[in-house]
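Here is a friendly briefing to read alongside the sequence and the 3D view. Please keep both open as you go through the points.

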Amino acid sequence: MRKLLFLILPLVFLLNGCALGAAREPAADFAGYQGEVMLYSSMQDRQLNALKKGFEEKYPGITMNYCYGNSGKLFTKLNSEVQSGEIRADIIWTGNPSDYIKLKENRILSPYISPQAININPMLMDEHHYYVGGRLTSAVIAYNTELVKENEAPDRWNELLGPKWKDKVIMADPCSAGSSSYFMTALMQSEKYGEDYFKKLRANGCMLESGTAATHLRVAKGDFAVCIGIDYVVENLKDEGFPIDMKYPNEDMISLCCPIGLVAGCPNERNARLLYDFILSKEGQEILTENNLISVRDDIAQPGFFVGDLMSHGLELDPVQLCRSENQCLLAFDRIFFIDYK
């Protein structure tokens, strides 16, 4: 199979002849839309609250609830609901694209073609329309600005293996954080890095934290100098006044398209489709960009780095193979960090 760049899932390049037509905004009178909708998401509270505010202003008769947590927690909760037949989630939106291949195969998602899909790059869509990228994020090297000078901060993954960063690096546990799992699997599948990279990282004293937000806070508060982080989480903490900043790696960037999917058998399907459409709409995506995320739409201005340079700096991956090997890579990672390390 031909290798694709960082965020391209097993996708189609055309919409299979589906007549989506021009995107249309719903009618101005939303009095008939009532009830609630439940979103399960690993996004931060800041972004979720902003999205909730925008959605409820547009649909005042609908309450948008959300359950926030790391990917491991949310998928455990969702699987339990599916097994019991008491599903509460209407939409699932986490960070790891590989998870959605598994959700689709296990028939936990329901296909849906949003009228907003005409404005989304087809490369970000599942070929059978079970999920679509809802936001873009990238793995970064975050650092505490009171402990590390900007010109001394590492800007390559291999720099974290050097003696300068001995016992000063932390990362989110891939077993609980979806974005960290994607990052780990991507590097472990790469001939350039492989298991050897994580053996050296562990030998250099890299520690683990249970979740993405907690990992960044350890750096922001000065417990560690550096972490393998996520761009928008760093920006959130910077906005709050914490002494933290980041560098995108000069090579082998790893970015995620963070898909959304409609849960099969969800209790509020009509409202869920409205929220799905709102997330992908220009209005919804602008809310995300105002809150440190990168849009998946082609008609929203993006930082120049993401438009051009991202593709040339991206680590080449086979996304299907990445999904298939994720569990094996997690076992190898656990062995390296918890069993073999002495």
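Strand 2, helix 1 (residues 45-58) and strand 3 form a right-handed β-α-β unit; a crossover is right-handed if, with the strands pointing away from the viewer, the path from the first strand over the helix to the second runs clockwise. Helices (H or I, at least four residues) and strands (E, at least two) are DSSP runs, numbered from the N terminus. This is a predicted model, in which local features need pLDDT of at least 70 and side-chain atom pairs count only at pLDDT 80 or more, while totals for chains, interfaces and linings use all residues. Residues are numbered from 1 along each chain as its sequence is written, and side-chain values use heavy atoms, with hydrogens and water left out.

**The parallel strand pair**
- Strand 2 (residues 35-41) and strand 3 (residues 62-68) run parallel and are joined by seven bridges; two strands pair if DSSP finds at least two bridges between them.
- Within this pairing, Glu36 stands opposite Thr63 in strand 3.

**The overall picture**
- The protein has 11 helices and 14 strands.
- Of its 342 residues, 56% count as buried; buried means under 20% relative accessible area, exposed over 50%, and partly exposed in between (1.4 Å probe, protein chains only).
- Among contacts (heavy atoms within 4.5 Å) between residues at least 6 apart in sequence, 79% join residues at least 24 apart.

**Nonpolar cores**
- A nonpolar core is a set of buried Ala, Val, Leu, Ile, Met, Phe, Trp, Tyr and Cys residues joined through side-chain atoms within 4.5 Å.
- The largest such core has 90 residues, of which Ile92, Trp157 and Phe198 touch the most other members.
- Helix 11 (residues 319-339) gives the most to this core, with eight residues.
- Apart from this core lies another, of 11 residues, among them Val219, Cys227, Val234 and Leu237.
- Leaving aside neighbours within four places in sequence, Phe198 is in contact with Phe183, Met184, Leu187, Met188, Phe333, Ile336 and Phe337.
- As general background, nonpolar side chains tend to be buried together in soluble globular proteins.

**Helix 3 and its ends**
- The buried residues of helix 3 (residues 97-105) are Pro97, Ser98, Asp99, Tyr100, Ile101 and Leu103.
- At the start of helix 3, a side-chain oxygen of Asn96 comes to within 2.9 Å of the backbone nitrogen of Ser98.
- Just after helix 3, Arg107 has a positive phi of about 60°.

**Other positive phi values**
- Most residues other than glycine have a negative phi.
- Asp167 has a phi near 65°, a positive value in a residue other than glycine.
- Asp167 sits in the loop between strand 7 (137-144) and strand 8 (169-172), and with a relative accessible area of 48% Asp167 is partly exposed.
- Asn292, also not a glycine, has a positive phi near 75°.
- The loop between helix 9 (282-289) and helix 10 (304-313) holds Asn292, which is partly exposed at a relative accessible area of 22%.

**Buried strand residues and their partners**
- Val132 lies in strand 6 (residues 132-133) and counts as buried at 5% relative accessibility.
- The C-alpha atoms of Val132 and Ile260 are 5.7 Å apart, although 128 residues separate them along the chain.
- Beyond neighbours within four places in sequence, Val132 is in contact with Ile120, Leu124, Met125, Pro259, Ile260, Tyr276 and Leu280.
- Gly229 belongs to strand 10 (residues 226-230) and is buried, at 3% relative accessibility.
- Leaving aside neighbours within four places in sequence, Gly229 is in contact with Ser138, Ala139, Val140 and His216.
- Ser255 is in strand 12 (residues 255-256) and counts as buried at 2% relative accessibility.
- The side chain of Ser255 makes a polar contact with the side chain of Ser138 (2.5 Å); a polar contact is a pair of N or O atoms within 3.5 Å, where within protein one must be able to donate a hydrogen and the other to accept it, and residues adjacent in sequence count only if both atoms are side-chain atoms.

**Cysteines**
- A search of the whole structure finds zero disulfides, a disulfide being a pair of cysteine sulfur atoms within 2.5 Å.
- Cys258 is in no disulfide, and its nearest cysteine sulfur, that of Cys257, is 6.7 Å away.
- Cys258 is buried, with a relative accessible area of 1%, and Cys67 is buried at 16%.
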